[in-house]
Amino acid sequence: MRFHRFVQDGEGWGTREREVLFANPFLEVHRVQVTSPARQDPFEWTVCHRKAGVAVAAQAPCGGFVMVRQERVPLRAHLWEFPAGQIDETGKVEGEQAMEVVVATGLRELGEEAGYELGPEGEVVSMRHFLSSPGFTDEHTYLLWLRGVVPRSAGPARDAAEAISEVRVFSISELRHMVVSGEIRDANTLCALARLTALGGWESAR
């Protein structure tokens, strides 16, 4: 797994050494020795490389948003989240067809996890990407606002690694309460809701 293209040496940054400490199909952990604009003497850091992801704020014609209740093994808990997933061919999100790959992945995850699709009058709005935890990983997630989603006839098609117990459309007032109470606490959903707020997405659903 290579560095994402937006992670480049230059302008005071340099890589002296790199060692792969762990690798599987989903992530790699590297020990790197680097220099930075603020630190000219080489120092070590541990970096986790992950594929880029996509999270989908899927808005139904009623104005509410589709969420899935998903089992999260590290937390030993179920969380209400926006549908999301990794981009299989991460390198393609950094070229000329980047947006096509992001949208295709988002629509795939929405269909597989929630059983929804973009309706005939639907609209796709890009909300750019965010960095999940830049202190140790280059992981980043693209955010999509899909307006006008409807249930698909085929229903969901989840893979064996997913354990989704429920799919619901939540109103704006319900989402606000879930944010304030801490029931919504994953970064994908919180960041998507923040971008929706900045874009006026919540207000448009009133």
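## Cysteines

The count of disulfides (pairs of cysteine sulfur atoms within 2.5 Å) comes to zero. The model is predicted, with local features needing pLDDT of at least 70 and side-chain atom pairs pLDDT 80 or more, while totals for chains, interfaces and linings use all residues. Residues are numbered from 1 along each chain as its sequence is written, and side-chain values use heavy atoms, without hydrogens or water.

Cys-48 is buried, with a relative accessible area of 10%, whereas Cys-62 is exposed at 59%. Buried means under 20% relative accessible area and exposed over 50%, with partly exposed in between (1.4 Å probe, protein chains only).

Three strands (DSSP E runs of at least two residues) form an open antiparallel sheet in the order β1-β2-β3. Its edge strands, β1 (14-23) and β3 (43-50), each pair on one side only; pairing requires at least two DSSP bridges.

Strand β2 (residues 27-35) pairs with β3 in the antiparallel sense over eight bridges. Val-32 stands opposite Trp-45 in β3.

## Largest pocket

The largest pocket has a volume of about 1,100 Å³. Of its 34 lining residues, the closest to the centre are Arg-50, Gln-70, Arg-72, Gly-85 and Gln-86. A pocket here is an open set of points on a 1 Å grid over the protein atoms alone, where a 1.4 Å probe fits, with protein on both sides within 12 Å along at least five of seven lines; lining residues have an atom within 4 Å of a point. The volume is the space filled by probe spheres set on the points, which are joined across faces, edges and corners.

Terms used
Helix = DSSP H or I, 4+ residues; strand = E, 2+ residues; numbered from the N terminus.
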